[in-house]
Amino acid sequence: FGPEHRKVAESLNEMGVLLEKQGDDASAAPFLEEALAMRRRVLGRQHEDVAQSLVEVGRVYRDRGMEDRAEPLIRESLAIRRKVLGDRHHETATSWNDLGLILWHKGDLAGAEAAYRECLEINRKTLGEMHPDVSAPLNNLALIAGDRGDFSTAEALSRQALAIGRKVLGDKHPNVANKLNNLSRPLMELKKYDEAAAVMKEALTIGIAAQGENHPAVANFRLNLARVYLARKDPSPAEPLLRQALEVRRRAFSESDWRVAVAKSLLGEALTGLGRYDEAERLLLEARAGLKDAPGLQGREAKATAGRLTALSAARGRDASRH
């Protein structure tokens, strides 16, 4: 087809999507950016294939922590889809969900919730109740409820999303692992530690089988299983999980990325519990330097890291007074 053709652009897009699914966002980005630029040239700016590429590039930027670059792309895709496909189209719903994720990352819970509800309503009408694209916004609404401290609602919505996922995709699908992962937080906050550990172990088993040991999602599952152990004051099994997660995150992100800092912070908490204060302090100070007090997830982790440093000082003081 030559160097410039819609089929070439489609292949570039699919290659980028495949790399992104494998957890390699750095390699995915240039393919997706090239696909977007070519589609704009070949098809014009108001085309559904351009909207698809905008979403894919936006997702990679979001996952690499570049929400401010991602948001205008996702908004543009939504505008194109509303115009070309209509307000009640399945792809329009997908753009609403992606916009919700960006707003959630930025700490705009009200904006994110409105976008997820729009997505859920369209997908229920167009796809019926039993569809993975109905479970996705349910799952995301559960995250919002959790961030607001309403863990009972978060648990109920997470269970609903998980039940749809299991029924439609089967028990071994990576999407089901993600749903299990998200269920673990409300369970942990409600002090249902045994069940939280069980769902995280299942998520980890599915994730390793489907995505391999070194996928960023699997690192996330290890991190969240370790959180359950730390909440139970059981740092020994948490330490190896956190070391593996830190190693994978270092490969996936730059050393200064806040997600690397989160892994260091949790490992610092585990080492404090094991009485290895010097290594704990070094990791916690590095984590504190790498986390900004921003809205959303990063801010929550920054606050938690400050608490872990206080706990480290207290533990050191108790040990010193015993000797």
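A residue counts as buried when its relative accessible area is under 20%, and as exposed when that area is over 50%. The legends below apply these terms to a predicted model.

**Figure 1. Leu 223, a buried residue of helix H11.** Leu 223 is found in helix H11. Its relative accessible area is 1%, so Leu 223 is buried. Leaving aside neighbours within four places in sequence, Leu 223 is in contact with Leu 242, Ala 245, Arg 249, Val 262, Ala 263 and Leu 266. Leu 109, by contrast, lies 24 Å from Leu 223, C-alpha to C-alpha, and the two are 114 residues apart in sequence.

**Figure 2. The largest nonpolar core.** In soluble globular proteins, nonpolar side chains tend to be buried together. The largest nonpolar core of this model contains 50 residues. The residues with the most contacts inside this core are Leu 180, Phe 221, Leu 223, Leu 225, Ala 238 and Leu 242. At least two residues of the core come from each of helix H9 (174–189), helix H10 (193–211), helix H11 (216–231), helix H12 (235–252), helix H13 (258–273), helix H14 (277–290) and H15. The largest share, 10 residues, is supplied by H11. A second, separate core has 40 residues, among them Tyr 61, Tyr 116, Leu 157 and Ala 161.

**Figure 3. Helix H8 and its packing.** Helix H8 (residues 151–169) is made of 19 residues. From its first C-alpha to its last, H8 reaches 26 Å, close to the 27 Å expected at 1.5 Å a residue. Buried residues of H8 include Phe 151, Leu 157, Ala 161, Leu 162 and Ile 164. Glu 155 and Ser 158 are also buried. The buried residues of H8 pack against helix H7 (132–147) and H9. After H8 comes Gly 170, with a positive phi near 90°.

**Figure 4. Helix H9 and Leu 180.** The 16 residues of H9 should span 22 Å at 1.5 Å a residue, and the end C-alpha atoms are 24 Å apart, which agrees. Among the buried residues of H9 are Val 176, Ala 177, Leu 180, Leu 183, Leu 187 and Met 188. Lys 179, Asn 181 and Asn 182 are buried as well. The buried residues of H9 are covered by elements that include H7, H8, H10 and H11. Not counting residues up to four places away in sequence, Leu 180 touches Leu 162, Arg 166, Val 199, Met 200, Glu 202, Ala 203 and Ile 206.

**Figure 5. Two lysines with positive phi.** Lys 191 is placed in the loop between H9 and H10. Its phi is near 65°, a positive value in a residue other than glycine. With a relative accessible area of 60%, Lys 191 is over the 50% cut-off and is therefore exposed. Lys 233 is placed in the loop between H11 and H12. The phi of Lys 233 is near 60°, again a positive value in a residue other than glycine. Lys 233 has a relative accessible area of 73%, so this residue is exposed.

Figure 6. Helix H3 (residues 48–63) has 16 residues, which should span 22 Å at 1.5 Å a residue. The end C-alpha atoms of H3 are 23 Å apart, in agreement with that value. H3 is mostly covered, with 13 of its 16 residues buried. Just after H3, Gly 65 takes a positive phi of about 80°.

**Figure 7. The second largest pocket.** Rolling a probe the size of a water molecule over the atoms shows where empty space is left. The second largest pocket holds about 320 Å³ of space. Its lining is formed by 14 residues, and those closest to its centre are Gly 65, Glu 67, Trp 258, Lys 292 and Gln 298. Helix H4 (67–84) and helix H15 (297–322) each supply at least two residues of this lining. By class, the lining has four nonpolar, five polar and five charged residues.

**Figure 8. Phe 31, a partly exposed residue of helix H2.** Phe 31 is found in helix H2 (residues 25–43). Its relative accessibility is 30%, so Phe 31 counts as partly exposed. Not counting residues up to four places away in sequence, Phe 31 touches Leu 12, Met 15, Gly 16 and Leu 19. Phe 31 and Arg 276 are 245 residues apart in sequence and 45 Å apart in space, C-alpha to C-alpha.

Terms used
Residues are numbered from 1 along each chain as its sequence is written. This is a predicted model: local features need pLDDT of at least 70, side-chain atom pairs count only at pLDDT 80 or more; totals for chains, interfaces and linings use all residues. Side-chain values use heavy atoms; hydrogens and water are left out. On a 1 Å grid over the protein atoms alone, a cavity is a set of points where a 1.4 Å probe fits but cannot get out, and a pocket is an open set with protein on both sides within 12 Å along at least five of seven lines; lining residues have an atom within 4 Å of a point. Grid points are joined across faces, edges and corners, and a volume is the space filled by probe spheres set on the points. Helices (H or I, at least four residues) and strands (E, at least two) are DSSP runs, numbered from the N terminus. Ala, Val, Leu, Ile, Met, Phe, Trp, Tyr, Cys and Pro count as nonpolar, Asp, Glu, Lys and Arg as charged, and the others, Gly among them, as polar. The expected span of a helix is 1.5 Å times one less than its number of residues. Buried means under 20% relative accessible area, exposed over 50%, partly exposed in between (1.4 Å probe, protein chains only). A nonpolar core is a set of buried Ala, Val, Leu, Ile, Met, Phe, Trp, Tyr and Cys residues joined through side-chain atoms within 4.5 Å. Contact means heavy atoms within 4.5 Å.
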